[in-house]
Amino acid sequence: MIPTWLGMNKSFKVKLIASLSCIILLTSAITGYLTNRYNLKLFEEEISKQFLQTNLAAMEKMDLKVQEIVRVSQSVVFNPQLERLISQIVTNENADAYRLYDDKKQIEEQMNQIKFDQPYITGMYLYDLSGKPSYFSFTSNTINMLDANTVRYIQTKISDTYGDLVWMRMQLPSSIEPSGYRDTVVAARWMKNNNLQTYGMLVMAIDGSFFSSSLKELIKDGLGEVYVFNPGDELLYSNTVVAAGDELTQIKAVASPTVKENRLFVRSDSKATNFRLVSGVSLSEIQQKNRKLSQSIVYSGLVSILITSVLIALFTSKLLRPLKDLQMGLRKVRSGDFGTRIEIRTKDELAYIGESFNAMAAQVGQLIKEVYITQLSEKEAELKALQAQLNPHFMHNLFNEIYWKLYLKDEKEVADLIAAVSEMLKYSLLPVRTLSTVGEEFQQIRNYVKVQSELFETDLETIIQIDEEVVNCSMMRAVLQPLVENVFIHAFRNKVTQKILLIKARRADDLLEIDVMDNGCGMDPQKVAKLLSDDSAARQRMDGRESLGVQSVLRRIELVYGKPYRLDITSTVDSGTTMRLILPYTKAETGE
C-alpha cells in the first residue's frame, strides 16, 4: 500500500516543479531530436571526405618514417669503414683475440652513432653469412637476442632480394611478455659491397609505436582501426586483432571509400614506399555518440529541474525546516554523538530522508560497538599467542641447564648433542622472515648431522664444503634442513654401510648454488617428476600422507624469490641423488 505522504496532495515536488519539469523535459526532447538529426546529416555529407584526407596525411607521415629507416639501413650497408672492418674480421678469422676485439669495438662505435637518433629501433643485429651475430648486436628490454629459427626465417624472406630492405611482422623473443614473445616489425636486408658481393645481413627490430605515432589521428578516442601492409601485401601493423583468412583478404581488397558491416573503410597506396594503409571507423560508434549527445541534453534538462526546485525551496521556509533539522543531526553525528535523532515534521520525501537518517545513526552506533568488541577480542588473542611462545623458550633454557650439568659430570659427548639440539631450537625460534646467512644455515646443518650421526647413522661419512666468498651470503632461514632430512629419511633407508653425504656451497656468477648429494637408493625419473609436481595427489606417499619437505622448499623459493630461482633434482636408481638449490647471490644485510 502506498504511504499517504507519497500522494499528490502531500508531495512538495509536485507542488513546486510539476509544471516546470514538463516544460524543461519537452524543450530538452525537441533540442535533442533536432541535434541528432543535424549530426547525422553532417556525418553523411562530410565524414567520408574528412576521413580520407586524414588517411592520406597519415600515409605521408608514415612514408617519411619508412624512408628514414631505409636511410638508416643504407648508412650501415654503404658505410665504407664498417665494410672494411667486417671484411677484415672475415679475412683474419684466426687472428689474435685482441685484434678481433678491437675490430668489433670499432664496429660497435660506428653502429651506436647510427642508431643513436632512432628510438623506435629496439634491436639491431649484424649477422655473418652463416647466420651468427658475429659483428654486432644491440638488444633492449623489449627484444632479446634472436634465436636460430628466427634468423633462418629472415634469411628465407630476403633470399631472393638484391639488397632491398624487406619488411615483415614476426614474433620475437622478449623477456617482458608473459608468453615470451612480442609481436614486432622487422626490417632486414643483405649487406652488399660495391662489387655486389654479400658480406653480411642487417636485421632491425622496430617497435609498434613507429607506426602508431604517425597514425594517431586515425585511432584517437579508440574509434578507428588501421592496417599497414608491406609491398608484399603482408600485414605489418594493426591496432586491433585481425583474424587470418577471409577477414584479412577483404581488408586488403578494400576500395576507397567502402562501408562494410556498418564500418567505413578508406585506403591509401604509397608510390614512394609501396606501402598500403587501410583505416576504418565504426559508424555505429559515431551514431552512438550522437545518441549520447541527445541524452546529455535530456539529462541537462533534468539537472535544470533539480536546480530550479532547489532555488524555489530556498524561498520556502516551511520546506527548509526539515533540511535544517537534518543538517543539525549530521553535525552531531560527525562530532561523535550517534545517539542523536531528528524529529519528523512532514509527510513528504524529506520525512523518508529523516527516517533513513535515524536508522543510519542507530546502525552506525551499533557497528562502532561491535568493532570495539572485536578489537578487544583481537588483543586477547594476541596476548594468548605471546603466552604460547613462552613454552619453546622454556625448553631452550632447560636444554642449556641440562648441557652444563652433563658437561660438569664429564659427559661431554652427550652434552654436545644437547648443545646441538639447543642451538637448533634457538635457531627455529627466530621469526621465519628474518634473513639468515649461508654460514649460519650450514652451522645448523652441522648440528642436525651431528645428532643424526651420533644417534642413528653411526657409519655415516659427512663432507661439508663451503666457499669462503659465500659464507656471508644471505638466504632464507631453514630452507636447507628439509633437504638434508630427506636424505636420512629416504636415501639411506635401505643402505647399511658406506653412507656418504656431501653438502657444498659455491658462487656461480650472480647465483648461489648449494648441492646436497648422497650415494643412497636414488629415484627413477617418474618419481623425481612427481616430487617436483604441483599436484598434491601425485606426491602422496605409500602411507597416504603427502611428502611436504621438498614441496615446502619449492613453495618458499617461489614466494620469496620467484623465477629463475629453483630447486633441481637429478637422481639415478641405486647410485644416489643430487639436490641443487639455485638462489640469488646477495651479501647479507641487517633487517628482514
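Before we dig in: two strands pair if DSSP finds at least two bridges between them, and strands here are DSSP runs of E at least two residues long, while helices are runs of H or I of at least four residues, all numbered from the N terminus.

1. **Ground rules.** This is a predicted model, where local features need pLDDT of at least 70 and side-chain atom pairs count only at pLDDT 80 or more, though totals for chains, interfaces and linings use all residues. Residues are numbered from 1 along each chain as its sequence is written, and side-chain values use heavy atoms, with hydrogens and water left out.

2. **The sheet.** Start with strand 1 (residues 121-127), which pairs with strand 2 in the antiparallel sense over 3 bridges. One spot to look at is Leu126, whose bridge partner in strand 2 is Phe136. Both strands belong to an open, antiparallel sheet of 5 strands, ordered 2-1-5-4-3. Strand 2 (136-138) and strand 3 (166-173) each have a single partner strand, so one side of each has no neighbour in the sheet. From one strand to the next, the twist averages 25°.

3. **Helices against the sheet.** Helix 3 (residues 97-115) packs on the sheet and touches strand 1 and strand 2 (contact means heavy atoms within 4.5 Å). Its direction makes about 40° with that of strand 2 (axes are lines fitted to C-alpha atoms, for helices over the stretch in contact, and angles between N-to-C directions run from 0 to 180 degrees). Helix 4 (residues 148-158) lies across strands 1, 3, 4 and 5, and runs at about 170° to strand 3.

4. **A hairpin.** Which strands form a hairpin with 5 residues between them? Strand 6 and strand 7 do, and Asp233 in the turn has a positive phi of about 60°. Across the pair, Val228 stands opposite Tyr237 in strand 7.

5. **Salt bridges.** The whole structure has 14 of these (a side-chain nitrogen of Lys or Arg within 4 Å of a carboxyl oxygen of Asp or Glu). Asp233 turns up again here, in a salt-bridge network with Arg267, Asp269 and Arg276. Within it, the closest N and O atoms of Asp269 and Arg267 are 3.1 Å apart. Asp269 is partly exposed at 46% relative accessible area (buried means under 20%, exposed over 50%, partly exposed in between, with a 1.4 Å probe and protein chains only).

6. **Two more pairs.** Glu469 forms a salt bridge with Arg507 at 3.9 Å; this pair links distant parts of the chain, 38 residues apart. By contrast, Arg555 and Glu558 are 3 residues apart in helix 16 (residues 549-560), about one turn of the helix, and their side chains meet at 3.3 Å, N to O.
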